[in-house]
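Please look over the structure below. A short report on selected features follows.

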Amino acid sequence: LLKQRLDMRSLIHITCRDRNLIGLQSHLMGLDTLGLSDVLAITGDPSKIGDFPGATSVYDLTSFDLISLIKQFNEGLSYSGKPLGKKTNFSVAAAFNPNVRHIDKAVKRLEKKIACGADYFISQPVYSEEQLIKIHEETRHLETPIYIGVMPLTSSRNAEFIHNEIPGIKLPDSIREKMALAGNDKQKQAEEGLAIARSLLDAACDLFNGIYLITPFLRSDLTAELTAYIIRKKRRRQMSNINDQLKKKILVLDGAMGTMIQDAGLSAADFGGEAYEGCNEFLSITAPHVIQGIHEAYLEAKADIIETNTFGATRLVLDEYDLGHRAYEVNLASVKLAKAAAEKFSTPKWPRFVAGAMGPTTKTLSVTGGTTFDELIDNYEEQARALITGGADLLLLETSQDMLNVKAGFIG
């Protein structure tokens, strides 16, 4: 449902504990059939750790074996070496426990998992900035990305439970003291837990490839707050980078998207059928390679900023093709294509940027009408949310002749 409705990738956890070899292979084939390609391969805690008396663990494979098996599926081969009939396309995450006495031994396990085919690592939660620095020093020789786990604390009781009951995790005394000082006030406890998490995020973002946010006790509100914090932090950095470049030179935007699409000689099939022919924005879904190629052509021509294929991607305009309900999806897909192209051409000395294009729609409030000011604000807000979520470095309200439309876009 997440994939279909929000175009959001899910990370599926697969343990060696719960299925035998036959079951694991069947599970992997089922995931591939559903189009779910992101998996985390882990051993899994013994079944005696939990609330299921009498349950037994399987462990036909180790986590190393499971990673190798998944990579073998990507080659189109089963565990026995027989052809599967197709190749899967799994991206394999592996677990990293940095909360151990001898971290050098943990790093050796990482190296072994890399040899088995691990694409990246996500760690157990870390609660010490000093520990983050130590982890970075011990893993800096690895090229495989590491995403540091951050799980906000919810109370002093929660902190003590993690410290005393969860194997492999110890909290610094200073953190436990801060949570204790919050007392029994739930609001203060949550605020202190978030403050600690933000401090850890600041340190981790400077040292590692990314963050793995872990939701405690179904408190999705805490995860949402930290996600918003990371996005704000990322936006400040992006704007800082753009401003730094503007101090050095004039930044050049790309050219028109529409004329490049016309020159591509596309058929109705490329647009997804005759009903959608002419809806250039829908090509980000139906023919992404075409849009990607246009972006890369402009970057090869030395553009500093490329615009997303979203000039007419508001719900209002897409409704003319009965695609209004897919407005968020279209904008998100478009900005992801532009970001991928920009990242491909970016270098530390010459970063490239993505502008989220927001056109005037097909209505002019002051002349033709056809919509209301509030409806236009809602349309622009939906578009802006998708563009920002997808990583646009800036938003570009363009080619509008009606200042009321511009005002609605600015508010939205």
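## Cysteines

A disulfide is counted here when a pair of cysteine sulfur atoms lies within 2.5 Å. The model is predicted. By the distance rule, the count comes to 0 disulfides.

Cys279 has a relative accessible area of 1%. Buried means under 20%, so Cys279 is buried. Cys205 has a relative accessible area of 22% and is partly exposed. Cys205 also belongs to H8, where it takes part in the contact with H9.

## H8 against H9

Helix H8 covers residues 186-207, and helix H9 covers residues 220-248. Their axes are 11 Å apart, and the packing angle is about 40°. The two helices are therefore oblique to each other. The crossing of H8 past H9 is right-handed.

On the H8 side, the contact uses Ala190, Leu194, Ala197, Arg198, Leu201, Asp202, Cys205 and Asp206. Across from them, H9 supplies Leu222, Glu225, Leu226, Tyr229, Ile230, Lys233 and Arg237. By class, this contact has 9 nonpolar, no polar and 6 charged residues.

## H7 against H8

H8 also meets helix H7, residues 173-181. Here the axes come within 8 Å and cross at roughly 155°. An angle over 145 degrees counts as roughly antiparallel, so H7 is roughly antiparallel to H8. H7 passes H8 in a crossing that is right-handed.

Ile175, Lys178 and Met179 of H7 make the contact with Gln189, Glu192, Gly193 and Ile196 of H8. The residues divide into 3 nonpolar, 2 polar and 2 charged.

Most residues other than glycine have a negative phi. Which phi values do Tyr59 and Thr361 have? Tyr59 is not a glycine, yet its phi is positive, about 60°. Thr361 is not a glycine either, and its phi is positive at about 70°.

Both residues sit in loops. Tyr59 lies between strand E2 (38-42) and helix H3 (63-74). Thr361 lies between strand E8 (353-358) and helix H15 (373-389).

Are they buried or exposed, or in between? Tyr59 has 30% relative accessibility and counts as partly exposed. Thr361 has 13% relative accessibility, which is under the 20% limit, so Thr361 counts as buried.

Notes
Residues are numbered from 1 along each chain as its sequence is written. This is a predicted model: local features need pLDDT of at least 70, side-chain atom pairs count only at pLDDT 80 or more; totals for chains, interfaces and linings use all residues. Side-chain values use heavy atoms; hydrogens and water are left out. Axes are lines fitted to C-alpha atoms, for helices over the stretch in contact, and angles run from 0 to 180 degrees between N-to-C directions. Helices (H or I, at least four residues) and strands (E, at least two) are DSSP runs, numbered from the N terminus. Angles under 35 degrees count as roughly parallel, over 145 as roughly antiparallel, 65 to 115 as roughly perpendicular and the rest as oblique. A crossing is left-handed if the near helix is turned anticlockwise from the far one by less than a right angle, and right-handed if clockwise. Contact means heavy atoms within 4.5 Å. Ala, Val, Leu, Ile, Met, Phe, Trp, Tyr, Cys and Pro count as nonpolar, Asp, Glu, Lys and Arg as charged, and the others, Gly among them, as polar. Buried means under 20% relative accessible area, exposed over 50%, partly exposed in between (1.4 Å probe, protein chains only).
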